[in-house]
Amino acid sequence: MGSDTKKWLKQYGEKVLKEVGITKNQNVLDFGCGSGYYTIPAAQIVGNKGKVYALDKDRVCLNEVAKSGQSRKLKNIQIIATSGELKIPLQDESVDVVLLYDVIHSYYFSPTTRKELLREIHRISNHNALISVYPRHMDLQDAQDIIENANFNFEQKLFKALLHDNSLVQDYLLNFRKK
Ligand SMILES: C[S@@+](CC[C@H](N)C(=O)[O-])C[C@H]1O[C@@H](n2cnc3c(N)ncnc32)[C@H](O)[C@@H]1O
């Protein structure tokens, strides 16, 4: 693990995700969680009464998330392994926060599949749920328009220290609320 990743997990991750708006006891979906660099701090924030669903189609990444959670004695991470299908195996209105970090860009989603994913995100989100998007590899305004068109209200743009490809970077996040 590189030094920036260590720094992120030790010093920055929890602070930044608190500033994003994650709070104790919430249920969070980290869609396309990768190796879990956002899952872990989110799980530390929500605590024992909250839960983080770490969903990905990559089993190697999900094993890393599971190991990383176990080594930190976090019991509130639920791994969801998919085959990349857009149906999310969660109930209607069951999550308070959805993280879409570096995942909804065109490398993974066509405009049509992205719309389908956002419909699912809408279905599983509670009323007024926070949808936080890291639109890496996307034009910021395009990303905002796409999410707003999927029935979410734009709330704020944040500029934060984030971990991308194992490096700390300063970049924008967009927060939305379910209408
Ligand atoms: C660039 S990584 C970002 C990981 C993490 N969110 C982060 O910011 O560190 C994108 C992740 O999304 C996952 N992914 C892409 N499309 C997916 C889909 N349809 N279903 C589940 N996971 C998906 C990939 O497997 C990959 O782990």
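1. His 137 is exposed, since its relative accessibility is 56% (buried means under 20% relative accessible area, exposed over 50%, and partly exposed in between, with a 1.4 Å probe and protein chains only). The residue sits in the loop between S5 and H5, where helices (H or I, at least four residues) and strands (E, at least two) are DSSP runs numbered from the N terminus. Although His 137 is not a glycine, its phi is positive, at about 70°. Most residues other than glycine have a negative phi.

2. A word on the basis of this note: the model is predicted, local features need pLDDT of at least 70, side-chain atom pairs count only at pLDDT 80 or more, and totals for chains, interfaces and linings use all residues. Residues are numbered from 1 along each chain as its sequence is written, and side-chain values use heavy atoms, with hydrogens and water left out.

3. Asn 25 also deserves a look, for it has a positive phi of about 70° without being a glycine. Its place is the loop between H1 and strand S1 (27–31), and with a relative accessible area of 42% Asn 25 is partly exposed.

4. How many salt bridges does the structure hold? There are seven salt bridges, each defined as a side-chain nitrogen of Lys or Arg within 4 Å of a carboxyl oxygen of Asp or Glu. One of them joins the side chains of Lys 15 and Glu 19, with an N to O distance of 3.1 Å. Both residues belong to helix H1 (residues 3–20) and stand four residues apart, which is about one turn of the helix. Lys 15 is partly exposed at 49% relative accessibility, and Glu 19 is partly exposed at 33%.

5. Arg 123 and Asp 92 form a salt bridge in which the closest N and O atoms are 2.8 Å apart. Arg 123 lies in helix H4 (residues 111–124), while Asp 92 lies in the loop between strand S3 (77–81) and strand S4 (95–101), so this pair ties together parts that are 31 residues apart in sequence. Asp 92 is exposed, its relative accessible area being 51%.

6. A salt bridge also connects Arg 136 with Asp 171, and here the closest N and O atoms are 2.7 Å apart. The pair links distant parts of the chain, 35 residues apart, with Arg 136 in the loop between strand S5 (125–134) and helix H5 (140–149) and Asp 171 in strand S7 (residues 167–178). Is each partner buried or exposed, or something in between? Arg 136 is partly exposed, with a relative accessible area of 23%, whereas Asp 171 counts as buried at 16% relative accessibility. Elsewhere, salt bridges that share partners join Lys 15, Glu 19 and Lys 160 into one network.

7. Helix H1 packs against helix H2 (residues 39–46) at an angle of about 65°, and their axes are 9 Å apart; axes are lines fitted to C-alpha atoms, for helices over the stretch in contact, and angles run from 0 to 180 degrees between N-to-C directions. Among the residues that meet across this pair are Trp 8, Leu 9 and Leu 17 in H1 and Ile 40, Pro 41 and Ile 45 in H2, where contact means heavy atoms within 4.5 Å.

8. The largest nonpolar core has 30 residues, of which Trp 8, Leu 17, Val 20, Ile 22, Tyr 38 and Tyr 101 touch the most other members; such a core is a set of buried Ala, Val, Leu, Ile, Met, Phe, Trp, Tyr and Cys residues joined through side-chain atoms within 4.5 Å. Two or more residues each come from H1, H2, strand S2 (51–56), helix H3 (59–71), S4, S5 and strand S6 (152–164). Apart from this core lies another, of 27 residues, among them Ile 80, Leu 100, Ile 121 and Ile 131. In soluble globular proteins, nonpolar side chains tend to be buried together.

9. Gly 69, in helix H3, is buried, with a relative accessible area of 3%. Not counting residues up to four places away in sequence, Gly 69 touches Ile 40, Leu 74 and Ile 77. The C-alpha atoms of Gly 69 and Ile 40 are separated by 6.6 Å, although these residues are 29 residues apart along the chain.

10. Cys 33, in the loop between S1 and H2, counts as buried at 7% relative accessibility. Leaving aside neighbours within four places in sequence, the contacts of Cys 33 include Thr 39, Ala 54, Leu 62 and Val 65.
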